[in-house]
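Here is a short tour of one chain, written to be read with the model open beside it.

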Amino acid sequence: MLAALFLAIIAAPGQTFTTLKRFGDLNYVSGQNPHAPLVQGEDGTLYGTTRNGAQNVQGTVFKLQPDGGGFTVLKWFTNDLEGASPLGGLVLLGDTLYGTTSSGGGSGVGTVFKVNTDG
């Protein structure tokens, strides 16, 4: 008796990889070093943070469309009193984003902030 082993190879659907945004353009005013996961609004808009930026920028909150278009900085962190270097993810409640910074604030050890989705 002959036994035969048949392997079925099922082709997976074609996978693609697309870069939606390159940070570091325009002298880093869009921010640099994104660190946390993105959060998606009901309309599909993606929101995120970067922990650094150019010169006086100590991080940003940004939004962009799922196709990479419409990139906008909603908030530049430019002074230690309001916080600096957001590292955690954002929480979206209605039209308001909530997040934390890892430094800055009155004692220099971070802040909790909120910003509207329209900046």
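With which side chain does the side chain of T111 make a polar contact? The partner is the side chain of T101, at 2.8 Å. Please keep in mind throughout that this is a predicted model.

## Overall make-up

Let us begin with the whole chain. There are eight strands and zero helices, so the order of elements from the N terminus reads β-β-β-β-β-β-β-β. Of the 119 residues, 33% count as buried.

The chain exposes about 7900 Å², and carbon and sulfur atoms supply 54% of that area. Among contacts with a separation of 6 or more, 33% are accounted for by residues 24 or more positions apart.

T111 is placed in the loop between β7 (96–100) and β8. Is T111 buried or exposed? With a relative accessibility of 17%, T111 counts as buried, because the cut-off for that class is under 20%.

Besides the 2.8 Å polar contact with the side chain of T101, a polar atom of the T111 side chain lies 3.2 Å from the backbone oxygen of E82. Not counting residues up to four places away in sequence, T111 touches L81, E82, G83, G99, T100, T101, S103, G104 and G105.

How many aromatic pairs does a search of the whole structure find? The search finds four. One of them is formed by F23 and F71: the ring centres are 6.0 Å apart and the planes stand at 80°. This pair is edge-to-face, because its angle is over the 60 degrees that this class requires. F23 sits in the segment before β1 (32–34), while F71 sits in the loop between β4 (60–64) and β5 (72–76), so the pair ties together parts that are 48 residues apart in sequence. F23, F62 and F71 form one aromatic cluster.

Both members of the pair are partly exposed, F23 with a relative accessible area of 26% and F71 at 23% relative accessibility. Leaving out residues up to four places away in sequence, F71 touches K21, F23, S30, F62, K63 and L64. One of these, S30, is 41 residues from F71 in sequence, with a C-alpha to C-alpha separation of 8.9 Å.

## Charges over rings

What sits over the ring of F71? The charged end of K21 does, at 4.3 Å from the ring centre. K21 is also among the residues that F71 touches.

## The nonpolar core

In soluble globular proteins, nonpolar side chains tend to be buried together. Which residues make up the largest nonpolar core here? Its nine residues are V39, Y47, V61, L74, F77, L90, L97, F113 and V115.

Setting aside neighbours within four places in sequence, F113 is in contact with V61, F77, P86, L90, L97, Y98, G99, T100 and T101. Core members V61, F77, L90 and L97 are included in that list of contacts.

T117 lies in the segment after β8 (112–116). At 12% relative accessibility, T117 counts as buried. Its contacts, leaving aside neighbours within four places in sequence, are Y47, K63, L74, L92, D95, T96 and L97. Among these contacts, Y47, L74 and L97 belong to the largest nonpolar core.

Most residues other than glycine have a negative phi, and most peptide bonds are trans. Against that background, two residues deserve a look. N33 has a positive phi of about 65° although it is not a glycine. N33 lies in strand β1 and, at 32% relative accessibility, counts as partly exposed.

The other is S85, also not a glycine, with a positive phi of about 60°. S85 is placed in the loop between β5 and β6 (91–93). Is S85 buried or exposed? At 16% relative accessibility, S85 counts as buried.

Definitions and conventions:
Residues are numbered from 1 along each chain as its sequence is written. This is a predicted model: local features need pLDDT of at least 70, side-chain atom pairs count only at pLDDT 80 or more; totals for chains, interfaces and linings use all residues. Side-chain values use heavy atoms; hydrogens and water are left out. Rings of Phe, Tyr and Trp (its six-membered ring) pair if their centres lie within 6.5 Å; planes under 30 degrees apart count as stacked, over 60 as edge-to-face and the rest as tilted. Helices (H or I, at least four residues) and strands (E, at least two) are DSSP runs, numbered from the N terminus. Buried means under 20% relative accessible area, exposed over 50%, partly exposed in between (1.4 Å probe, protein chains only). A charge sits over a ring if NZ of Lys or CZ of Arg is within 6 Å of the ring centre and within 35 degrees of the ring normal. A nonpolar core is a set of buried Ala, Val, Leu, Ile, Met, Phe, Trp, Tyr and Cys residues joined through side-chain atoms within 4.5 Å. Contact means heavy atoms within 4.5 Å. A polar contact is a pair of N or O atoms within 3.5 Å; within protein, one must be able to donate a hydrogen and the other to accept it, and residues adjacent in sequence count only if both atoms are side-chain atoms. Accessible areas come from the Shrake-Rupley method with a 1.4 Å probe; for residues, only the protein chains shown count as cover.
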